[in-house]
Amino acid sequence: MPKSARGNAGPFEVIDRLTVNPNWSGAPVVLNPGDNVNMPITPNGSMLLAWFNQSSQNNTGTLSLTSGGGQPTFQTVPPLALQPSLLVNDWLGNNLSATNISIPGSQTPIWVAGFGPGIPGQTPQNLPNSGAAVQLSTLATAQGMALPRYMQLPLISNSGSLAVFVVIGGPATNSGNNAYVIAVNSAQNSGPGTNVAPPPGYYATTTGNNYIMSFNWGSSSVFVAGMSPLTSLGASVKMYPL
């Protein structure tokens, strides 16, 4: 959408109005149509942004995101969804502004939160490097220290339900991110080790009930967030050395 469209009549003219919090930390917040929050400085590394449509009616919402001097991007916020929508990106320390530009008066509040190491509003569970399982319900997080050797990180959902995990850690990849979105009990196998490209935004998917990441990121922090549907059961993560 060209920047000139921001001056047109209609919902786009509310983009970047600081009506809720001009110093947003990333902690969970609900934006009504026309509301905006602005994170003045994002991490200089990957961050996860998640959102939910809070309307009890069949109302599709729209979330506008802007950063630095870039043009806004528009995220569709599906109605009646029981799984968070998510975007992983490195905003390079620039600001991040989020505006609910859903139809005014449509009763379409949107819940928005940032996730990542050190982002306020979260209390990560301890993720030991001994192989003990940590349960990850939707929007729950865990964080632990990898040892300076090869490690394995099994992401598990033994219930047969779709489970989605976001792992943040290690050096940045060629895409500039050091975040990995992985789904288990998914519809297809995709990503590394297959000849199938993963869905946009994902690192890998598997039809099995577990996916094992192997890595050597040195002595470093590993952060995992659960982004599964609210109806999923039994999602968990482990970490242990090889």
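Buried is used here for residues under 20% relative accessible area, with exposed meaning over 50% and partly exposed in between (1.4 Å probe, protein chains only). The structure is a predicted model, in which local features need pLDDT of at least 70 and side-chain atom pairs count only at pLDDT 80 or more, while totals for chains, interfaces and linings use all residues. Residues are numbered from 1 along each chain as its sequence is written, and side-chain values use heavy atoms, with hydrogens and water left out.

The chain contains zero helices and 19 strands, where helices (H or I, at least four residues) and strands (E, at least two) are DSSP runs numbered from the N terminus. Its radius of gyration is 18 Å, close to the 18 Å that the globule rule gives for 242 residues, so the chain is as compact as a globular protein of that length; the radius is taken over C-alpha atoms, and the rule is 2.2 Å times the number of residues to the power 0.38. Along the principal axes, the C-alpha atoms fill a box of roughly 60 × 35 × 35 Å. Of the 242 residues, 47% count as buried. Among contacts (heavy atoms within 4.5 Å) with a separation of 6 or more, 69% are between residues 24 or more positions apart.

Strand β3, residues 47–53, illustrates the burial: seven of its seven residues are buried. In a regular strand the side chains alternate between the two faces of the sheet. In β3, Met47, Leu49, Trp51 and Asn53 point one way, Leu48, Ala50 and Phe52 point the other way, and all are buried. Two strands are said to pair if DSSP finds at least two bridges between them. β3 runs antiparallel to β6 (residues 85–89), to which five bridges join it, and leucine 49 has leucine 87 of β6 as its bridge partner.

Another part of the fold is an open sheet of four strands in the order β2-β7-β4-β5, with antiparallel pairing. β2 (36–39) and β5 (73–77) stand at the edges, each with a single partner strand, so one side of each is left without a neighbour in the sheet. Within this sheet, β4 (residues 61–66) and β7 (residues 96–100) pair over four bridges, and threonine 66 has serine 97 as its bridge partner in β7.

With β9 (residues 125–126) the sense is parallel, over two bridges, and glutamine 125 stands opposite alanine 142. With β17 the sense is antiparallel, over six bridges, and methionine 145 stands opposite serine 221.

The largest has 25 residues, of which Leu153, Val167, Val222 and Val224 touch the most other members. Strands that each supply at least two residues of this core include β11 (141–146), β12 (151–157), β13 (163–168) and β17 (220–226). Not counting residues up to four places away in sequence, valine 222 touches, among others, Leu127, Ala142, Leu153, Val167, Phe215, Trp217 and Met239. A second, separate core of 17 residues includes Met39, Leu63, Ala98 and Val112.

Definitions and conventions:
Core = buried A, V, L, I, M, F, W, Y, C linked by side-chain atoms within 4.5 Å.
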